[in-house]
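Me: I'm new to this one and keep running into labels. Can we go through what stands behind them?

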Amino acid sequence: MKKSDVIKHYGSVAAVAKKLGTSEVAIYKWSEIIPKVRAYEFERLTKGKLKFDPALYQKSQNAA
């Protein structure tokens, strides 16, 4: 899941941070591909409007 998609869905970094109960700084520290655990969480929180894409994480691991 891409950070830009999450921010677009919620409208701002502040709104994303509030939804997760974390700081805006934590959100800014994410790479464009957000942590896998958070991607699962957003899929659940948005009732599937944001989708976890396992292929994004396989590519990230293969590139390392």
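Predicted model: local features only at pLDDT ≥ 70, side-chain atom pairs only at ≥ 80, totals over all residues.

Me: Why are H1 and H2 called roughly perpendicular?

Reply: Helix H1 (residues 3-10) and helix H2 (residues 13-20) pack at about 90°. Roughly perpendicular covers 65 to 115 degrees, so H1 and H2 get that label.

Me: Which residues meet there, in H1 and in H2?

Reply: Val6, Ile7 and Tyr10 from H1 meet Val13, Ala15, Val16 and Lys19 from H2, where contact means heavy atoms within 4.5 Å. By class, that's six nonpolar, no polar and one charged residues.

Me: What makes Thr46 buried or exposed?

Reply: Buried means under 20% relative accessible area, exposed over 50%, and partly exposed in between (1.4 Å probe, protein chains only). Thr46 is at 7%, so it counts as buried. Thr46 sits in the loop between H4 and H5 and touches His9 and Tyr10, leaving aside residues up to four places away in sequence.

Me: And how do you know which label Lys47 gets?

Reply: Its relative accessible area is 79%, so Lys47 is exposed. Lys47 is in the loop between helix H4 (36-45) and helix H5 (54-63).

Me: What is the phi of Lys47?

Reply: Lys47 has a positive phi, about 50°, though it isn't a glycine. Most residues other than glycine have a negative phi.

Terms used:
Residues numbered from 1 in each chain as written. Heavy atoms only, no water. Axes fitted to C-alpha atoms, helices over the stretch in contact; angles between N-to-C directions. Helix = DSSP H or I, 4+ residues; strand = E, 2+ residues; numbered from the N terminus. Parallel < 35°, antiparallel > 145°, perpendicular 65-115°, else oblique. Nonpolar A, V, L, I, M, F, W, Y, C, P; charged D, E, K, R; others polar.
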